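Hi everyone, thanks for coming along this morning. I'd like to walk you through one protein, from its overall build down to a few single residues. Please have a look at the picture first.

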Amino acid sequence: KDNPSVDILIIGAGPAGCVAAMYLKQKGYNVLVVEKNEFPRFAIGESLLPRCMEHFTEVGLFDAINQAGFEKKYGARFIRGNDVCEFDFSDKFTEGWDWTWQVPRAEFDKVLTDTLEKHGVKVLFNTEVLDVDIQPNGSSTSRVKHIKNASEKTILAKFIIDCSGYGRLLANQMTLNKASDVQVNASVFTHVKDVNRPKGKEGTLITFDVLDLNTWLWVIPFSNGNTSLGVVSNEETIKKTKGDAFTKLNYFLNKSEHYKQRFKDCEPIINTYDMCAFSKSATKLYGTGFALTGNSAEFLDPVFSSGVTFATESALKAAQLTALQLKGDLVNWETDYELYIKSGVNVFKSYVKEWYTGNLQTLFFNADDNLENKRQICSVLAGYVWDIANPFVKHHDRILPNLAYLTKMKKNS
Ligand code: FAD
(Lines give C-alpha, C1' and ligand atoms only; values in the text may rest on other atoms or scores of the structure.)
Protein backbone atom coordinates (compact mmCIF):
# COMPACT_ATOMS: atom_id res chain seq x y z
CA LYS A 1 0.00 0.00 0.00
CA ASP A 2 1.25 3.52 -0.73
CA ASN A 3 0.45 5.02 2.64
CA PRO A 4 0.08 2.09 5.03
CA SER A 5 -1.89 2.21 8.23
CA VAL A 6 -0.63 -0.09 10.98
CA ASP A 7 -1.06 -0.74 14.68
CA ILE A 8 2.58 -0.21 15.56
CA LEU A 9 5.38 1.47 13.64
CA ILE A 10 8.85 0.35 14.70
CA ILE A 11 11.69 2.62 13.67
CA GLY A 12 14.94 0.65 13.12
CA ALA A 13 15.66 -3.07 12.69
CA GLY A 14 18.54 -3.53 15.14
CA PRO A 15 18.13 -5.93 18.10
CA ALA A 16 15.63 -3.62 19.82
CA GLY A 17 13.41 -3.27 16.74
CA CYS A 18 13.47 -6.99 15.96
CA VAL A 19 12.56 -8.06 19.50
CA ALA A 20 9.72 -5.55 19.72
CA ALA A 21 8.38 -6.51 16.28
CA MET A 22 8.46 -10.27 16.95
CA TYR A 23 6.64 -9.87 20.26
CA LEU A 24 3.88 -7.72 18.81
CA LYS A 25 3.46 -9.90 15.74
CA GLN A 26 2.94 -12.92 17.99
CA LYS A 27 0.29 -10.99 19.88
CA GLY A 28 -1.58 -10.54 16.61
CA TYR A 29 -0.82 -6.87 15.95
CA ASN A 30 -0.18 -5.34 12.56
CA VAL A 31 3.46 -4.23 12.83
CA LEU A 32 5.65 -2.41 10.34
CA VAL A 33 9.42 -2.05 10.74
CA VAL A 34 11.11 0.76 8.84
CA GLU A 35 14.90 0.48 8.47
CA LYS A 36 17.17 3.08 6.91
CA ASN A 37 19.84 0.61 5.74
CA GLU A 38 19.99 -2.44 3.56
CA PHE A 39 21.05 -5.57 5.50
CA PRO A 40 23.59 -6.99 6.06
CA ARG A 41 25.22 -3.78 7.32
CA PHE A 42 27.99 -3.26 9.85
CA ALA A 43 27.01 -2.43 13.43
CA ILE A 44 29.02 -2.38 16.62
CA GLY A 45 27.82 -4.21 19.76
CA GLU A 46 29.15 -7.73 19.39
CA SER A 47 29.43 -9.16 22.88
CA LEU A 48 26.04 -10.16 24.28
CA LEU A 49 25.01 -10.89 27.89
CA PRO A 50 23.15 -14.01 29.12
CA ARG A 51 20.12 -11.93 30.16
CA CYS A 52 19.26 -11.18 26.51
CA MET A 53 18.82 -14.91 25.83
CA GLU A 54 15.58 -14.64 27.78
CA HIS A 55 14.35 -11.95 25.41
CA PHE A 56 15.27 -13.85 22.25
CA THR A 57 13.62 -16.98 23.66
CA GLU A 58 10.42 -15.21 24.68
CA VAL A 59 9.86 -13.67 21.25
CA GLY A 60 10.81 -16.77 19.24
CA LEU A 61 14.16 -15.61 17.83
CA PHE A 62 16.38 -18.03 19.76
CA ASP A 63 16.27 -21.03 17.40
CA ALA A 64 17.25 -19.05 14.32
CA ILE A 65 20.17 -17.39 16.09
CA ASN A 66 21.27 -20.69 17.58
CA GLN A 67 21.27 -22.37 14.18
CA ALA A 68 23.54 -19.66 12.78
CA GLY A 69 26.47 -21.10 14.77
CA PHE A 70 27.80 -17.94 16.41
CA GLU A 71 30.66 -18.28 18.91
CA LYS A 72 29.37 -19.16 22.36
CA LYS A 73 30.36 -16.93 25.25
CA TYR A 74 30.47 -18.52 28.71
CA GLY A 75 32.01 -15.67 30.65
CA ALA A 76 34.52 -12.87 30.27
CA ARG A 77 38.18 -12.41 31.07
CA PHE A 78 39.74 -9.18 32.27
CA ILE A 79 43.54 -8.88 32.25
CA ARG A 80 45.94 -6.19 33.38
CA GLY A 81 49.59 -7.06 32.84
CA ASN A 82 49.99 -10.27 34.82
CA ASP A 83 46.72 -9.86 36.72
CA VAL A 84 43.83 -11.98 35.46
CA CYS A 85 40.18 -12.07 36.50
CA GLU A 86 37.90 -14.52 34.79
CA PHE A 87 34.14 -14.57 35.29
CA ASP A 88 32.26 -17.77 34.54
CA PHE A 89 28.53 -17.16 34.01
CA SER A 90 27.69 -20.61 35.38
CA ASP A 91 29.02 -19.41 38.72
CA LYS A 92 26.76 -16.45 39.34
CA PHE A 93 24.40 -15.48 42.15
CA THR A 94 21.17 -14.97 40.16
CA GLU A 95 19.48 -17.87 38.45
CA GLY A 96 19.34 -17.57 34.70
CA TRP A 97 21.22 -18.19 31.50
CA ASP A 98 24.90 -19.00 31.86
CA TRP A 99 25.97 -18.48 28.28
CA THR A 100 25.34 -16.25 25.31
CA TRP A 101 27.06 -15.38 22.00
CA GLN A 102 29.73 -13.09 20.60
CA VAL A 103 28.55 -12.08 17.13
CA PRO A 104 29.48 -10.12 14.03
CA ARG A 105 26.45 -7.85 14.02
CA ALA A 106 26.11 -7.67 10.24
CA GLU A 107 25.31 -11.41 10.14
CA PHE A 108 23.48 -11.43 13.46
CA ASP A 109 21.10 -8.61 12.59
CA LYS A 110 20.46 -10.23 9.20
CA VAL A 111 19.45 -13.47 10.94
CA LEU A 112 17.04 -11.44 13.08
CA THR A 113 15.40 -9.60 10.18
CA ASP A 114 15.23 -12.77 8.02
CA THR A 115 13.40 -14.45 10.88
CA LEU A 116 11.03 -11.52 11.24
CA GLU A 117 10.17 -11.72 7.57
CA LYS A 118 9.67 -15.50 7.78
CA HIS A 119 7.12 -14.82 10.50
CA GLY A 120 5.29 -12.38 8.28
CA VAL A 121 6.61 -9.11 9.73
CA LYS A 122 6.97 -6.50 7.00
CA VAL A 123 10.36 -4.74 7.06
CA LEU A 124 10.86 -1.75 4.76
CA PHE A 125 14.63 -1.59 4.18
CA ASN A 126 16.41 1.39 2.61
CA THR A 127 13.69 3.57 4.09
CA GLU A 128 14.32 6.37 6.53
CA VAL A 129 11.75 7.81 8.90
CA LEU A 130 12.15 11.55 8.44
CA ASP A 131 9.72 12.93 10.97
CA VAL A 132 6.72 12.04 13.03
CA ASP A 133 3.53 13.92 13.83
CA ILE A 134 1.78 12.58 16.93
CA GLN A 135 -1.81 13.57 17.76
CA PRO A 136 -3.05 14.09 21.36
CA ASN A 137 -4.75 10.64 21.20
CA GLY A 138 -1.40 8.99 20.39
CA SER A 139 -2.05 8.16 16.75
CA SER A 140 0.64 9.36 14.40
CA THR A 141 1.59 10.14 10.83
CA SER A 142 5.23 9.50 9.94
CA ARG A 143 6.92 10.70 6.79
CA VAL A 144 9.34 8.16 5.32
CA LYS A 145 11.71 8.37 2.37
CA HIS A 146 13.18 5.62 0.21
CA ILE A 147 16.96 6.07 0.33
CA LYS A 148 17.55 4.93 -3.27
CA ASN A 149 14.72 6.50 -5.26
CA ALA A 150 13.92 9.38 -2.85
CA SER A 151 10.18 8.62 -3.03
CA GLU A 152 8.23 9.63 0.05
CA LYS A 153 5.12 8.27 1.71
CA THR A 154 3.35 8.50 5.05
CA ILE A 155 2.64 5.78 7.58
CA LEU A 156 -0.28 5.98 9.98
CA ALA A 157 0.18 4.18 13.30
CA LYS A 158 -1.58 3.84 16.64
CA PHE A 159 1.76 3.65 18.47
CA ILE A 160 5.46 4.15 17.64
CA ILE A 161 8.35 2.25 19.23
CA ASP A 162 11.55 4.11 18.50
CA CYS A 163 14.39 1.61 18.03
CA SER A 164 16.50 3.91 15.85
CA GLY A 165 19.67 3.56 17.93
CA TYR A 166 22.04 6.45 17.32
CA GLY A 167 19.51 7.81 14.82
CA ARG A 168 17.63 8.86 18.01
CA LEU A 169 14.77 9.98 15.85
CA LEU A 170 12.20 10.88 18.49
CA ALA A 171 14.70 12.10 21.08
CA ASN A 172 16.03 14.55 18.47
CA GLN A 173 12.64 15.59 17.16
CA MET A 174 11.09 16.07 20.59
CA THR A 175 14.23 17.57 22.15
CA LEU A 176 14.46 14.78 24.73
CA ASN A 177 18.25 14.53 24.51
CA LYS A 178 20.14 14.84 27.76
CA ALA A 179 23.92 14.81 28.29
CA SER A 180 25.09 11.51 29.70
CA ASP A 181 26.78 11.75 33.08
CA VAL A 182 29.38 9.05 32.46
CA GLN A 183 32.94 9.89 31.36
CA VAL A 184 33.17 11.07 27.73
CA ASN A 185 34.97 8.24 25.95
CA ALA A 186 35.95 7.39 22.40
CA SER A 187 36.81 4.19 20.57
CA VAL A 188 38.63 2.84 17.52
CA PHE A 189 37.71 -0.62 16.29
CA THR A 190 37.79 -3.04 13.36
CA HIS A 191 37.64 -6.73 12.40
CA VAL A 192 40.74 -8.70 11.43
CA LYS A 193 41.37 -12.15 10.06
CA ASP A 194 42.73 -13.89 13.16
CA VAL A 195 45.50 -15.80 11.35
CA ASN A 196 47.51 -16.53 14.52
CA ARG A 197 44.52 -17.62 16.60
CA PRO A 198 45.68 -20.19 19.20
CA LYS A 199 43.81 -23.48 19.44
CA GLY A 200 41.41 -24.13 22.33
CA LYS A 201 39.80 -21.73 24.76
CA GLU A 202 42.52 -19.06 24.50
CA GLY A 203 41.66 -18.59 20.83
CA THR A 204 37.95 -17.93 21.35
CA LEU A 205 37.85 -16.29 24.78
CA ILE A 206 36.45 -12.77 24.91
CA THR A 207 38.94 -10.59 26.77
CA PHE A 208 39.22 -7.05 28.05
CA ASP A 209 42.86 -6.05 28.44
CA VAL A 210 43.38 -3.04 30.72
CA LEU A 211 46.18 -0.88 29.26
CA ASP A 212 45.84 1.90 31.86
CA LEU A 213 43.13 3.20 34.19
CA ASN A 214 41.16 4.78 31.33
CA THR A 215 42.20 2.66 28.40
CA TRP A 216 41.27 -0.90 27.57
CA LEU A 217 41.37 -3.19 24.57
CA TRP A 218 38.64 -5.63 23.57
CA VAL A 219 39.30 -8.91 21.77
CA ILE A 220 36.13 -10.64 20.56
CA PRO A 221 36.78 -13.76 18.46
CA PHE A 222 34.00 -14.87 16.09
CA SER A 223 33.22 -18.38 14.91
CA ASN A 224 33.99 -17.34 11.30
CA GLY A 225 37.73 -17.01 12.11
CA ASN A 226 37.67 -13.22 12.31
CA THR A 227 38.14 -11.22 15.50
CA SER A 228 36.86 -7.84 16.56
CA LEU A 229 39.53 -5.57 18.04
CA GLY A 230 38.77 -2.26 19.67
CA VAL A 231 40.16 0.25 22.11
CA VAL A 232 38.21 2.52 24.41
CA SER A 233 39.75 5.50 26.18
CA ASN A 234 38.83 9.03 27.10
CA GLU A 235 38.19 11.22 24.10
CA GLU A 236 41.30 13.31 24.57
CA THR A 237 43.63 10.30 24.55
CA ILE A 238 42.12 8.87 21.35
CA LYS A 239 42.07 12.27 19.64
CA LYS A 240 45.69 13.09 20.38
CA THR A 241 46.96 9.68 19.23
CA LYS A 242 48.51 10.22 15.80
CA GLY A 243 47.51 8.66 12.51
CA ASP A 244 44.43 7.24 10.91
CA ALA A 245 42.03 5.01 12.85
CA PHE A 246 43.91 1.76 12.12
CA THR A 247 47.27 3.34 13.07
CA LYS A 248 45.70 4.48 16.34
CA LEU A 249 44.33 1.00 17.02
CA ASN A 250 47.76 -0.52 16.36
CA TYR A 251 49.41 1.97 18.67
CA PHE A 252 47.27 0.69 21.55
CA LEU A 253 47.50 -2.95 20.46
CA ASN A 254 51.28 -2.68 20.74
CA LYS A 255 50.87 -1.83 24.41
CA SER A 256 49.22 -5.16 25.07
CA GLU A 257 51.79 -7.70 26.19
CA HIS A 258 49.18 -10.40 25.89
CA TYR A 259 47.98 -9.69 22.34
CA LYS A 260 50.57 -7.73 20.37
CA GLN A 261 52.20 -10.86 18.90
CA ARG A 262 48.92 -12.55 17.97
CA PHE A 263 47.65 -9.56 16.02
CA LYS A 264 50.87 -8.02 14.73
CA ASP A 265 50.41 -9.09 11.09
CA CYS A 266 46.64 -8.82 10.97
CA GLU A 267 45.11 -6.60 8.33
CA PRO A 268 41.63 -5.11 8.81
CA ILE A 269 38.95 -6.78 6.71
CA ILE A 270 36.46 -3.94 7.17
CA ASN A 271 36.86 -0.20 7.78
CA THR A 272 38.48 0.85 11.02
CA TYR A 273 35.97 3.07 12.81
CA ASP A 274 36.78 6.04 15.00
CA MET A 275 33.83 6.92 17.21
CA CYS A 276 33.55 9.51 19.94
CA ALA A 277 31.01 10.82 22.45
CA PHE A 278 28.86 7.70 22.15
CA SER A 279 27.22 7.92 25.58
CA LYS A 280 23.64 9.17 25.27
CA SER A 281 20.73 9.83 27.55
CA ALA A 282 17.16 11.12 27.38
CA THR A 283 14.98 13.17 29.71
CA LYS A 284 11.94 10.94 29.11
CA LEU A 285 11.62 7.40 27.73
CA TYR A 286 7.95 7.55 26.71
CA GLY A 287 5.12 9.92 25.86
CA THR A 288 1.62 9.83 24.40
CA GLY A 289 1.78 7.36 21.53
CA PHE A 290 5.47 6.47 21.70
CA ALA A 291 8.32 4.83 23.63
CA LEU A 292 12.08 5.06 23.24
CA THR A 293 14.14 1.86 23.53
CA GLY A 294 17.77 0.75 23.26
CA ASN A 295 20.29 3.31 22.10
CA SER A 296 17.55 5.71 21.11
CA ALA A 297 16.90 5.96 24.86
CA GLU A 298 20.26 5.49 26.63
CA PHE A 299 23.76 4.21 26.03
CA LEU A 300 26.45 4.24 28.71
CA ASP A 301 29.77 2.71 27.69
CA PRO A 302 31.01 -0.45 25.98
CA VAL A 303 32.97 -1.70 29.01
CA PHE A 304 30.38 -4.22 30.28
CA SER A 305 28.74 -5.06 26.94
CA SER A 306 25.36 -3.96 28.24
CA GLY A 307 24.10 -2.17 25.08
CA VAL A 308 22.34 -4.95 23.18
CA THR A 309 20.90 -6.49 26.34
CA PHE A 310 19.53 -3.14 27.42
CA ALA A 311 18.14 -2.70 23.90
CA THR A 312 16.32 -6.06 23.97
CA GLU A 313 15.14 -5.64 27.59
CA SER A 314 13.68 -2.20 26.91
CA ALA A 315 12.22 -3.22 23.54
CA LEU A 316 10.48 -6.26 25.01
CA LYS A 317 9.12 -4.25 27.92
CA ALA A 318 7.90 -1.46 25.61
CA ALA A 319 6.28 -4.02 23.30
CA GLN A 320 4.52 -5.78 26.20
CA LEU A 321 3.11 -2.50 27.49
CA THR A 322 2.09 -1.39 24.00
CA ALA A 323 0.21 -4.66 23.48
CA LEU A 324 -1.67 -4.13 26.73
CA GLN A 325 -2.46 -0.52 25.93
CA LEU A 326 -3.79 -1.28 22.44
CA LYS A 327 -5.92 -4.02 23.97
CA GLY A 328 -7.54 -1.33 26.08
CA ASP A 329 -5.74 -1.78 29.40
CA LEU A 330 -4.57 1.21 31.39
CA VAL A 331 -0.76 1.20 31.37
CA ASN A 332 1.43 3.02 33.85
CA TRP A 333 4.41 3.88 31.62
CA GLU A 334 6.07 5.86 34.39
CA THR A 335 6.47 2.99 36.86
CA ASP A 336 6.29 -0.01 34.55
CA TYR A 337 8.63 1.38 31.90
CA GLU A 338 10.63 4.50 32.73
CA LEU A 339 11.43 3.68 36.38
CA TYR A 340 11.97 -0.01 35.65
CA ILE A 341 14.38 0.66 32.77
CA LYS A 342 16.20 3.42 34.62
CA SER A 343 16.74 1.22 37.68
CA GLY A 344 18.68 -1.23 35.50
CA VAL A 345 20.57 1.55 33.73
CA ASN A 346 21.53 3.04 37.09
CA VAL A 347 23.09 -0.24 38.23
CA PHE A 348 25.24 -0.43 35.11
CA LYS A 349 26.03 3.27 35.45
CA SER A 350 27.58 2.70 38.89
CA TYR A 351 29.71 -0.11 37.45
CA VAL A 352 30.85 2.03 34.50
CA LYS A 353 31.71 4.95 36.76
CA GLU A 354 33.55 2.77 39.27
CA TRP A 355 35.45 1.05 36.47
CA TYR A 356 37.01 4.35 35.45
CA THR A 357 37.69 5.47 39.05
CA GLY A 358 39.67 2.23 39.35
CA ASN A 359 37.55 0.89 42.23
CA LEU A 360 36.01 -1.87 40.18
CA GLN A 361 39.37 -2.78 38.70
CA THR A 362 40.64 -3.18 42.28
CA LEU A 363 37.72 -5.52 43.03
CA PHE A 364 38.10 -7.51 39.81
CA PHE A 365 41.81 -8.14 40.20
CA ASN A 366 41.33 -9.23 43.83
CA ALA A 367 38.03 -11.02 43.18
CA ASP A 368 39.26 -14.44 44.23
CA ASP A 369 39.65 -13.11 47.81
CA ASN A 370 35.87 -13.39 48.23
CA LEU A 371 34.14 -15.84 45.93
CA GLU A 372 30.63 -14.96 47.11
CA ASN A 373 31.18 -11.32 46.14
CA LYS A 374 32.58 -12.51 42.82
CA ARG A 375 29.42 -14.55 42.13
CA GLN A 376 27.29 -11.51 42.89
CA ILE A 377 29.35 -9.24 40.62
CA CYS A 378 29.21 -11.96 37.95
CA SER A 379 25.38 -11.71 37.94
CA VAL A 380 25.61 -8.02 37.13
CA LEU A 381 28.07 -8.75 34.32
CA ALA A 382 25.60 -11.34 32.98
CA GLY A 383 22.96 -8.59 32.78
CA TYR A 384 20.86 -9.57 35.81
CA VAL A 385 20.67 -5.98 37.06
CA TRP A 386 17.05 -6.16 38.20
CA ASP A 387 17.64 -8.81 40.87
CA ILE A 388 17.49 -6.78 44.05
CA ALA A 389 18.18 -9.90 46.14
CA ASN A 390 21.76 -9.34 44.95
CA PRO A 391 23.50 -6.82 47.24
CA PHE A 392 25.69 -5.79 44.30
CA VAL A 393 22.48 -4.69 42.57
CA LYS A 394 20.58 -3.32 45.55
CA HIS A 395 23.47 -1.25 46.92
CA HIS A 396 25.20 -0.66 43.60
CA ASP A 397 26.12 2.95 44.32
CA ARG A 398 27.73 2.32 47.72
CA ILE A 399 29.05 -1.20 47.71
CA LEU A 400 31.73 -0.81 45.03
CA PRO A 401 33.69 2.15 46.48
CA ASN A 402 33.31 0.81 50.05
CA LEU A 403 34.53 -2.66 49.19
CA ALA A 404 37.38 -1.34 47.02
CA TYR A 405 38.51 0.82 49.95
CA LEU A 406 38.54 -2.19 52.29
CA THR A 407 40.35 -4.30 49.69
CA LYS A 408 43.08 -1.67 49.32
CA MET A 409 43.41 -1.33 53.13
CA LYS A 410 43.80 -5.09 53.45
CA LYS A 411 46.44 -5.20 50.73
CA ASN A 412 48.43 -2.39 52.30
CA SER A 413 48.32 -3.76 55.84
P1 FAD B 1 21.02 -0.26 16.66
O2 FAD B 1 21.62 -1.59 16.75
O3 FAD B 1 21.93 0.90 16.45
O4 FAD B 1 19.93 -0.29 15.51
C5 FAD B 1 19.25 0.89 15.13
C6 FAD B 1 18.77 0.74 13.70
O7 FAD B 1 17.94 1.85 13.40
C8 FAD B 1 19.89 0.77 12.69
O9 FAD B 1 19.84 -0.37 11.86
C10 FAD B 1 19.68 2.06 11.92
O11 FAD B 1 20.04 1.97 10.55
C12 FAD B 1 18.19 2.29 12.08
N13 FAD B 1 17.78 3.69 11.98
C14 FAD B 1 18.36 4.77 12.54
N15 FAD B 1 17.69 5.88 12.25
C16 FAD B 1 16.65 5.51 11.47
C17 FAD B 1 15.59 6.22 10.83
N18 FAD B 1 15.46 7.54 10.96
N19 FAD B 1 14.70 5.53 10.07
C20 FAD B 1 14.81 4.18 9.94
N21 FAD B 1 15.80 3.46 10.53
C22 FAD B 1 16.70 4.12 11.29
N23 FAD B 1 26.75 -3.43 23.06
C24 FAD B 1 26.84 -4.70 23.47
O25 FAD B 1 25.83 -5.27 23.89
N26 FAD B 1 28.03 -5.37 23.43
C27 FAD B 1 29.17 -4.78 23.00
O28 FAD B 1 30.23 -5.41 22.95
C29 FAD B 1 29.11 -3.42 22.60
N30 FAD B 1 30.21 -2.76 22.16
C31 FAD B 1 30.12 -1.45 21.78
C32 FAD B 1 31.27 -0.75 21.41
C33 FAD B 1 31.20 0.59 21.06
C34 FAD B 1 32.43 1.34 20.68
C35 FAD B 1 29.94 1.26 21.09
C36 FAD B 1 29.84 2.70 20.73
C37 FAD B 1 28.80 0.57 21.44
C38 FAD B 1 28.88 -0.77 21.80
N39 FAD B 1 27.73 -1.48 22.18
C40 FAD B 1 27.85 -2.77 22.63
C41 FAD B 1 26.39 -0.87 22.17
C42 FAD B 1 25.55 -1.35 20.99
O43 FAD B 1 26.17 -0.94 19.79
C44 FAD B 1 24.15 -0.75 21.07
O45 FAD B 1 23.74 -0.61 22.41
C46 FAD B 1 23.09 -1.61 20.36
O47 FAD B 1 23.44 -1.83 19.02
C48 FAD B 1 21.73 -0.91 20.45
O49 FAD B 1 20.77 -1.63 19.72
P50 FAD B 1 19.53 -0.84 19.10
O51 FAD B 1 18.66 -1.87 18.49
O52 FAD B 1 18.99 0.10 20.10
O53 FAD B 1 20.18 0.10 17.96
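Let me start with a sorting rule: Ala, Val, Leu, Ile, Met, Phe, Trp, Tyr, Cys and Pro count as nonpolar, Asp, Glu, Lys and Arg count as charged, and the others, Gly among them, count as polar. Two notes on what you are looking at. This is a predicted model, in which local features need pLDDT of at least 70 and side-chain atom pairs count only at pLDDT 80 or more, while totals for chains, interfaces and linings use all residues. Residues are numbered from 1 along each chain as its sequence is written.

Now, the whole protein. It has 15 helices and 19 strands; these are DSSP runs, with helices (H or I) of at least four residues and strands (E) of at least two, numbered from the N terminus. The radius of gyration is 21 Å, close to the 22 Å from the globule rule for 413 residues, so the protein is as compact as a globular protein of that length. That radius is taken over C-alpha atoms, and the rule is 2.2 Å times the number of residues to the power 0.38. The C-alpha trace spans about 70 × 45 × 40 Å along the principal axes.

How much of the protein counts as buried? Of its 413 residues, 47% do. Buried here means 20 or more other C-beta atoms within 10 Å of the residue's own, exposed means 12 or fewer, and partly exposed is in between, with C-beta atoms placed from the backbone. As for contacts (C-beta atoms, placed from the backbone, within 7 Å), take those with a separation of 6 or more: 73% of them are between residues 24 or more positions apart.

Next, the domains. Domain 1 covers 5–71 + 101–179 + 279–343, and domain 2 covers 185–276; these bounds come from an automatic or database domain assignment. Their C-alpha centres lie 29 Å apart. Domain 1 gives 12 residues to the contact and domain 2 gives 16. On the domain 1 side, that makes 6 nonpolar, 3 polar and 3 charged residues.

Where does the ligand lie? Both domain 1 and domain 2 give residues to the shell around the ligand, so it lies between them. A residue is near a molecule if its C-beta atom, placed from the backbone, lies within 6 Å of it. There are 39 residues around the ligand, and Gly14, Gly165, Gly167, Gly294 and Gly307 come nearest. Elements giving two or more residues to that shell are helix 1 (15–26), strand 8 (127–134), strand 12 (185–193), helix 9 (294–297) and helix 10 (307–327). Helix 10 has the largest share, with 4 residues. By class, the shell has 19 nonpolar, 16 polar and 4 charged residues.

Let's follow two of those strands. Two strands pair if DSSP finds at least two bridges between them. Strand 8 runs antiparallel to strand 9 (residues 140–146), with 7 bridges joining them, and isoleucine 134 stands opposite serine 140. The two form a hairpin with 5 residues between them, and glycine 138 in the turn has a positive phi of about 95°. Strand 9 is also joined to strand 10 (residues 152–162), by 6 bridges and again antiparallel. Here too there is a hairpin with 5 residues between the strands, and alanine 150 in the turn has a positive phi of about 60°.

What about strand 12? It is mostly covered, with 8 of its 9 residues buried. Strand 12 pairs in the antiparallel sense with strand 15 (residues 226–234) over 9 bridges, where valine 192 has threonine 227 as its partner. It also pairs in the antiparallel sense with strand 16 (residues 273–276) over 4 bridges, and there serine 187 is partnered with methionine 275.

Finally, some backbone details. Most residues other than glycine have a negative phi, and most peptide bonds are trans. Asparagine 126, in the loop between strand 7 (122–124) and strand 8, has a positive phi near 55°. Serine 305, in the loop between helix 9 and helix 10, also has a positive phi near 55°. Which of these is buried and which partly exposed? Asparagine 126 is partly exposed, with 15 other C-beta atoms within 10 Å, whereas serine 305 is buried, with 24. Lastly, the peptide bond from phenylalanine 39 to proline 40 is cis, with omega near 0°, and proline 40 is in the loop between strand 2 (31–34) and helix 2 (51–59).

Terms used
Two residues are in contact if their C-beta atoms, placed from the backbone, lie within 7 Å.
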